[in-house]
Amino acid sequence: QVQLVESGGGLVQPGGSLRLSCAASGSIFSINDMGWYRQAPGKERQLVATVTRGGSTNYADSVKGRFTISRDNAKNTVYLQMNSLKPEDTAVYYCNAEVRTPASGRYLAVWGQGTLVTVSS
């Protein structure tokens, strides 16, 4: 069984910064893409950013230039550095990873439990 555990959420003022972390643990053979998604109240979950095992990144237009995704393959961990935060960034942020276990012949999507980010003065 594989678990993703997020940390780093909280309350921050507009213009401030936060760094989210997500560590994968359990029976892991390899991890393909990792990413962050967010869901604001009353809205659907949406992509924030993804990073491939090789380090290629993809961002939602709304966060380009403000957020940076990175990963440490040795630690099975993905990060999201969020700068110049805006009230509209308020949401529950979810970590996602495509994980292959030793017993599985394919990659499966695994989700974290979510961490709340609130941007407010």
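S30 is in contact with R53, E98, V99, R100 and Y107, leaving aside its neighbours within four places in sequence. Contact here means heavy atoms within 4.5 Å. This is a predicted model, where local features need pLDDT of at least 70, side-chain atom pairs count only at pLDDT 80 or more, and totals for chains, interfaces and linings use all residues. Residues are numbered from 1 along each chain as its sequence is written, and side-chain values use heavy atoms, with hydrogens and water left out.

**S30 and its strand**

S30 sits in strand β4, residues 30-39. Strands (E, at least two residues) are DSSP runs, numbered from the N terminus. The side chain of S30 makes a polar contact with the side chain of Y107, at 2.7 Å. A polar contact is a pair of N or O atoms within 3.5 Å; within protein, one must be able to donate a hydrogen and the other to accept it, and residues adjacent in sequence count only if both atoms are side-chain atoms. S30 and C95 are 65 residues apart along the chain, and their C-alpha atoms are separated by 16 Å.

**The disulfide**

How many disulfides does the structure hold? It holds one. C22 and C95 form it, with sulfur atoms 2.1 Å apart; the cut-off for a disulfide is a pair of cysteine sulfur atoms within 2.5 Å. C22 lies in strand β3 (residues 18-26) and C95 in strand β9 (residues 91-100), so the pair ties together parts that are 73 residues apart in sequence. The torsion about the S-S bond is about -80°, so this disulfide is left-handed. Both C22 and C95 are buried.

A polar atom of the N96 side chain lies 3.5 Å from the backbone oxygen of V110. Leaving aside neighbours within four places in sequence, N96 is in contact with L4, D33, M34, G35, Y37, A109, V110 and W111.

R66 is in the loop between β6 (57-59) and β7 (67-72). A polar atom of its side chain lies 2.8 Å from the backbone oxygen of S62. Not counting residues up to four places away in sequence, R66 touches Q81, M82, N83, S84, L85, K86 and D89.

**Two positive phi values**

N76 is not a glycine, yet has a positive phi of about 50°. N76 is in the loop between β7 and β8 (77-82). S84 is another residue other than glycine with a positive phi, near 50°. S84 is in the loop between β8 and β9.

**Buried or partly exposed**

Buried means under 20% relative accessible area, exposed over 50%, and partly exposed in between (1.4 Å probe, protein chains only).

| Residue | Relative accessible area | Class |
|---|---|---|
| S30 | 13% | buried |
| N96 | 9% | buried |
| R66 | 11% | buried |
| N76 | 23% | partly exposed |
| S84 | 41% | partly exposed |

**The largest pocket**

About 170 Å³ of space lies in the largest pocket. Of the 13 residues that line it, the closest to its centre are R38, A40, K43, Q46 and E88. On a 1 Å grid over the protein atoms alone, a pocket is an open set of points where a 1.4 Å probe fits, with protein on both sides within 12 Å along at least five of seven lines; lining residues have an atom within 4 Å of a point. The lining divides into two nonpolar, four polar and seven charged residues. Asp, Glu, Lys and Arg count as charged; Ala, Val, Leu, Ile, Met, Phe, Trp, Tyr, Cys and Pro as nonpolar; the others, Gly among them, as polar.

Definitions and conventions
Helix = DSSP H or I, 4+ residues; strand = E, 2+ residues; numbered from the N terminus. Points joined across faces, edges and corners; volume = space filled by probe spheres on them.
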